[in-house]
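Hello,

I am handing over the structure below for you to look through. My notes come after it.

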Amino acid sequence: MRCHKCDERAVIRMRQHRLALCRTHYIEWFVQQTQRMIEKYHMFTHEEKVLVAVSGGKDSLALWDVLWQLGYHAEGLYIHLGIDEGIQYSTESERLAREFAEQRGLVLHVINVAQVHGETVPEIARRTRRGRDKPCAVCGLIKRHDMNQAALDLGFNVLATAHNLDDEVAFLFGNVFHWNLEQMRRQSPVLPESPGFARKVKPFCRFSERETAAYSLVRGIAYIEDECPFAEGSKQLLYKDLLNRLEEVEPGAKLRFYLGFLEARDSGQLILPREEEIPLELHPCPRCGQPTTSPGLCAYCRLFESESLGTLGTPVQPK
Ligand code: Q46
Ligand code: ZN
Ligand code: ZN
């Protein structure tokens, strides 16, 4: 198979784009497509500082690498969750994130949950009712809170995550399947900043997992290949598997599903509850200061209140 732009051997064939590219042209295409997404959705400009949430995995390191190549002011944020039981998942991913930053002379900010709270995420999850069944619910809450707090504290108004098309489609599929209209209203490549919240952007939302993996591979990025042990058996993985099977017989199905949803919603063909119809009375949490709908402490701060263990409340921030 030959590259469609030159006569070199193609390293990837993307059936949904009817495109095969060699290493050089694939890197060029991937970087240009990212820039197109940043512009199309008005994510950020070269004058803004972008904090990239880095997990040590292929997607987030690829995102940081592309933003660096495009000349954006992008610094990394790694949150050490303390998931080191069995495989050294957190320690190894932090090592890879640090190595990546050092090789490129980039700034990496690190938050260690155990150093901040005296407990790791699995320990916090185990002592909460909801976390015992679903460690990811507690982990997600901690990550969203800490990422937002870090962006605000460090003076970044933009927080970039590397959610890819497979993540977005699986999330959308789950929301449609459970008719979670509120989440469908808020699912977007860019969520504008609001008081107490940094702008959230997803520049990779149209790349498949296969495409981000191929980019990391051809760029020689060393990333953690293991999945988080808590991801095993999750609904998201099940949805991804189902959607991959659909993609096999119908190339481009995932991208069409996602873009069709965004278009239908944003053009008003798909009418979802508007913000005013779901009143969100936000006020600052008395402990951390982040906006919350809870009458007292926010869901995050309640995790560390011994008298209210077991309740998480409703997190305000979207995925
Ligand atoms: S890190 Fe945390 Fe994920 Fe692991 S515990 Fe779940 S949410 S799966 S992206
Ligand atoms: Zn080529
Ligand atoms: Zn709080």
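The notes cover confidence, the sheet, the ligand and one record annotation.

This is a predicted model, in which local features need pLDDT of at least 70, side-chain atom pairs count only at pLDDT 80 or more, and totals for chains, interfaces and linings use all residues. Residues are numbered from 1 along each chain as its sequence is written, while chains are lettered from A and ligands numbered from 1 in the order in which they are written.

Confidence: pLDDT is the predictor's confidence in each residue, from 0 to 100. Its mean over the chain is 91, and 93% of the residues reach 70 or more. Residues 307–319 stay under 50. For that stretch the model has 28 contacts beyond four places in sequence (C-beta atoms, placed from the backbone, within 7 Å). The complex has an ipTM of 0.96 and a pTM of 0.91 from the predictor.

Sheet: helices (H or I, at least four residues) and strands (E, at least two) are DSSP runs, numbered from the N terminus. Two strands pair if DSSP finds at least two bridges between them. There is an open sheet of 6 strands with mixed pairing, in the order β5-β4-β3-β6-β8-β7. Because β5 and β7 (190–191) are at the edges with a single partner strand each, one side of each has no neighbour in the sheet.

Strands β4 (residues 73–80) and β5 (residues 108–112) run parallel and are joined by 5 bridges. His-80 has Asn-112 in β5 as its bridge partner, and Leu-77 stands opposite His-109 in β5.

Ligand: around ligand 1 are Leu-81, Pro-135, Cys-136, Cys-139, Gly-140, Cys-228, Phe-230 and Ala-231 (C-beta atom, placed from the backbone, within 6 Å). By class, this shell has 7 nonpolar residues, 1 polar and no charged (Ala, Val, Leu, Ile, Met, Phe, Trp, Tyr, Cys and Pro count as nonpolar, Asp, Glu, Lys and Arg as charged, the others, Gly among them, as polar).

Record: an unreviewed UniProt entry lists residues 2–27 as "domain: 2-thiouridine synthetase TtuA-like N-terminal LIM".

Regards

How values were computed: UniProt positions are given in the numbering used here, feature names are shortened, and annotations may be inferred rather than shown by experiment. Two residues are in contact if their C-beta atoms, placed from the backbone, lie within 7 Å.
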